[in-house]
Amino acid sequence: MIMGKNTLMKSCINHLMSEPVEGDEDYDERKDTWKARPELEAVIRQLSGNTGIIFHNGDLTDLKDILDAQVREAPARVGSLAPDDVWVRSGPTGLDPKQTSFFQNLSIQTKIVKGQVEIVNDVQVVFKDEKVTNSQSSLLDKLKIKPFFYKMEIKMVYDKGQLFAPGVLSINQEDILSAFSASIANLTSLSLSSGYITKSAAPHLMINAFKNLCSVSFASDYSFPAAEKLKEAAKNMPAASATATKADDKPAEKEEEPEEEEELDADCGNLFGDEDY
């Protein structure tokens, strides 16, 4: 990884692109290995702002994962652009009552609870894409809040003389297969609707032609072996359906609950007599 002055990095790339001339200090070293590289102009145009260059010969997806994992908390510095909105939630602040005037200057409603300042309502202190002011920075510093997170963002990917958007690093094999399948489906639909035959549409055309032949065979006396099999299957359908219905009815009969027998209140007719023994 190279981080440095943009002017110095541009100067180095321009020197690499320039043809060696007799009299240069490194003429003997470069005269046999130099070759024109106009594609590096695209790299020079990207060197603006706080930009660095990372060289990598392996899988760039692994490199992206490493960069995304390196996240650091950062305070709200005066004059910096806020990457996100910042809210201060209601509740105790841990500050003594002497700091009440500081909150009043920022139009933040507070109250004193148990000897410390407590914020009554949630307040949005910093707005996204706006510069952080001195009072906003002081408030967040007093509350010991580091609201921002900074990490290295990939601006562009350079490979074999071409620049690509960083989104290409998020593309996986499933995305490629899905896009390819969708394109094939669109091509097949266009072929079937226009009548221009393509390789992907040929199976569908053959299936449709077979269906038409079967329809003609069913409606006429003309037949062929494949149609005979379909006719035979159609004839057997009612019998198969009846058999399946009977098979479904049998378990239902077995599952019928037996009727409960009524209790008999039989009169034993003074079997033991009415007299006490």
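A pocket here is an open set of grid points with protein on both sides within 12 Å along at least five of seven lines, and its lining residues have an atom within 4 Å of a point. With that in hand, let us walk through this predicted model.

**The largest pocket**

The largest pocket has a volume of about 1300 Å³. Its lining counts 38 residues, and those nearest the centre are G52, I53, I54, F55 and M156. Two or more lining residues come from each of β1, α1 (6-17), β2 (52-53), α4 (60-69) and β10 (157-159). Helix α1 contributes the most, with five residues. By type, the lining holds 23 nonpolar, seven polar and eight charged residues.

**A nonpolar patch**

M1 sits in the segment before β1 (2-3) and is exposed, at a relative accessible area of 62%.

**Salt bridges**

The structure holds five salt bridges, including these:

| Pair | N to O distance |
|---|---|
| R30 and D26 | 4.0 Å |
| K64 and D68 | 2.9 Å |
| D122 and R89 | 3.4 Å |

Both R30 and D26 are buried. K64 and D68 share helix α4, four residues apart, or about one turn of the helix; D68 is partly exposed at 31% relative accessibility.

D122 is partly exposed at 37%, while R89 is exposed at 53%. Finally, salt bridges with shared partners join K64, D68, K151 and E153 into one network.

Notes. Residues numbered from 1 in each chain as written. Predicted model: local features only at pLDDT ≥ 70, side-chain atom pairs only at ≥ 80, totals over all residues. Heavy atoms only, no water. Buried < 20%, exposed > 50% of the residue type's maximum accessible area, 1.4 Å probe, protein only. 1 Å grid on protein atoms, 1.4 Å probe; cavity = no way out; pocket = protein on both sides within 12 Å on 5 of 7 lines; lining within 4 Å. Points joined across faces, edges and corners; volume = space filled by probe spheres on them. Nonpolar A, V, L, I, M, F, W, Y, C, P; charged D, E, K, R; others polar. Salt bridge = Lys/Arg side-chain N within 4 Å of Asp/Glu carboxyl O.
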